[in-house]
Amino acid sequence: MSFTSRLKVLAGSLAACGSLYAGVRYFSDRPQPLSAAEGSNESPVPPLTIPTRSEQMARLRVGEEFDILIIGGGATGCGIALDSVLRGFNTALIERYDFSSGTSSRSTKLIHGGVRYLEKAIKHFDYEQYKLVKEALHERANLLKIAPHLSAPLPIMLPVYRWWQVPYFWVGIKAYDLIAGRQLVKSSYYVSKSKALEEFPMLKNDRLCGGIVYYDGQHNDARMNLAIGLTAAREGATVTNHVEAVGIIKEQSEEGEEVVRGARVRDALTGEEWDVRAKVVINATGPFVDKVRHMDDPEARNLVMPSAGLHIVLPGYYSPRTMGLLDPATSDGRVIFFLPWENLTIAGTTDSPTELTHLPMPREEDIKFILSEIKAYLSPNLSVRRGDVLAAWSGIRPLVFDPNKADTQSVARNHIIEVRDSRLITISGGKWTTYRSMAKDAVDKAVEVGGLGDDRGCLTDGFLLVGGGGWSPTLFIRLIQDYGFDIDVAKNLANTYGDQAPEVAKLAALTGRRWPVLGLRLSQEFPYIEAEVKYAVREYACTAVDVLARRTRLAFLNVQAAHEALPRIMEIMAAELGWDKNRKKHELQRAQVFLETMGYKARTEVRDVNIDLSYQEAKEYGKIFRQFDKDRDGHISIHDLRKALHEMGASVTEEELRELISEVDINKNATIEEEEFLKMMSALKTGEVANSRMASIVQRKRENEQKISVDRSGGGL
């Protein structure tokens, strides 16, 4: 491109930036409607306690009529329960699995206003898009305020590789700041190339011009969802998990119409069924709203088009601990975030049509797409390997059709609320950040539809969640000094449970060492301790998956570590909940199925890949294979492996031997054949597999062979 052409492009970009700024001023200067919850409702730490789950179940069974019954325990459902009970309504909530077991625990972990939506709003002078961003920025500030232990500001860098993009992105991000107004997290800023590489050393420096850094929020989504639900329970709502709706109760209204007045429910753990009656029923089941709607009317047109979004977790060395990255334009036009999370790195997301299922599987092509996109932004010195993926999960996002539009293919940009002739209220769409405003709209509609009197109005804006009242950034120091925890354990307790952390600490066992004094870990790699499993039962955890995935985040961080911690978690829960052998077997099977949806097999087993080894490498590994094949029958059996490891001075259990064989046994015949052996070494070479135990044994054997060869030669002397 000539110098004159570049000047024209830059001039056009600056003109576009001017239009962008003018558009923001236009929208910002327009009079805004007053919020129904203007001002803060910040609450002191209340003396109320959280009822036990058995108390909640007993209340649900007693037969009283509730004002509002919510089906669905995700962020929106729990938000509705909290809003409703704070208004003084007799409120109940049921969740088929566990709180946040669906989409709400599978997000990008961001609390954000939506930079992309703002760009669309300005480009098309779309006031509705602008209002979405404005609302989300208010909710971002509120979430950071009401749960300071679970959320924090996060700087995100937008790397710039063309000079003309610098003013364009800079003005766009400054517009984002401007709309936030007094609720600005921190001001955005431009960084030079050298400063960008200082703050994000993993960035590719070739053609890098600099970067724009802006701030959004980050949170522990599943714990946030749980905190909302527990806060509702503390305030008097009947909140229950593992209770599903199996039917809708209808009766004749005074006008002679059939209206919804409750639900037939089933205890998912015992199979017991009973009726729960309510003046109003709200369907807040996310991507599954159509299943509940079809209980009311089997002929109802579907509202939701399910879309799968995949995320992967990589080691912490892929990103700085305090800086995220935004790829604003991937090869297919999507946006990918690359963020530090729990001392590791999370990358996502994709967006593709999917079948509706409670346990979506991560697709290998989506994993490789994300890896290829982040590879384009990272230094060539950092090898982006498939084997570095510690966990991968898919979440189903409910894209909703607007029932109020004649065009049946029109997808709503915000959440929608539908009221059927039977008075069943359905809410779907939206995003995590705006759960509170969605809940407010749903309860407002319930008051209108159900004729509920004595409405105090929405009180959730600024209302502190469980754990947030007495939390401070230095709480972890008190936990170290009072209880003798490791620093990372203390930080995890403080930032997970907030002011309730001392209650968890009281359950912690002695380590038997000089330091730390308390806190037996579930996994040596992570700061989760056994006391958290006991405390999880107080937080309504009923299954091993409830603990692995949502009370702790182990399954989302490292699926292999979660699998290794599973036996001890089950042992503790069995003691706390009185599980018999059959229940323990059932829990183990459920947990193993769940971990497969988090990428366990892909993490621990060699996939059927092409062999990419040189002639010399194949010859050398073939020789090592024959050394392991003690019976000389063309495959490595458990007996062969046991004998080989014994010769190497290693002692392993039968279970460990089976696991080692399983890692490489592609055709599942309980042995390792030479082709499978070579595929394992090839996968290790190409990065398809990393940190394989079997491969490590082979490498140790190879090194020993090389060392022996040198010793026998006299070391060259």
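User: Helices are DSSP runs of H or I with at least four residues, strands are E runs with at least two, and both are numbered from the N terminus. Which helix holds E199?

Analyst: E199 lies in α7, residues 193–199. This is a predicted model: local features need pLDDT of at least 70, side-chain atom pairs need 80 or more, and totals for chains, interfaces and linings use all residues. Numbering starts from 1 along each chain as its sequence is written, and side-chain values use heavy atoms, without hydrogens or water.

User: Is E199 buried or exposed?

Analyst: Buried, meaning under 20% relative accessible area with a 1.4 Å probe, protein chains only. It has no salt bridge (Lys or Arg side-chain nitrogen within 4 Å of an Asp or Glu carboxyl oxygen). The nearest side chain of opposite charge is K195, 4.0 Å away.

User: What does E199 touch?

Analyst: M157, Y189, V191, V213, P320 and M323, leaving out residues up to four places away in sequence. Contact means heavy atoms within 4.5 Å.

User: Switching to α10. Why does its length agree with expectation?

Analyst: Because its 12 residues, 364–375, should span 16 Å at 1.5 Å a residue, and the end C-alpha atoms are 16 Å apart. The expected span is 1.5 Å times one less than the number of residues.

User: Which α10 residues are buried?

Analyst: D366, I367, F369, I370, L371, E373 and I374. They pack against strands including β11 (304–314) and β16 (391–400).

User: How many residues are in the largest nonpolar core?

Analyst: 65. Helix α18 (559–577) gives the most, 10 residues. A core joins buried Ala, Val, Leu, Ile, Met, Phe, Trp, Tyr and Cys through side-chain atoms within 4.5 Å.

Technical notes:
Buried means under 20% relative accessible area, exposed over 50%, partly exposed in between (1.4 Å probe, protein chains only). Lys and Arg count as positive and Asp and Glu as negative; His and the chain ends are not counted.
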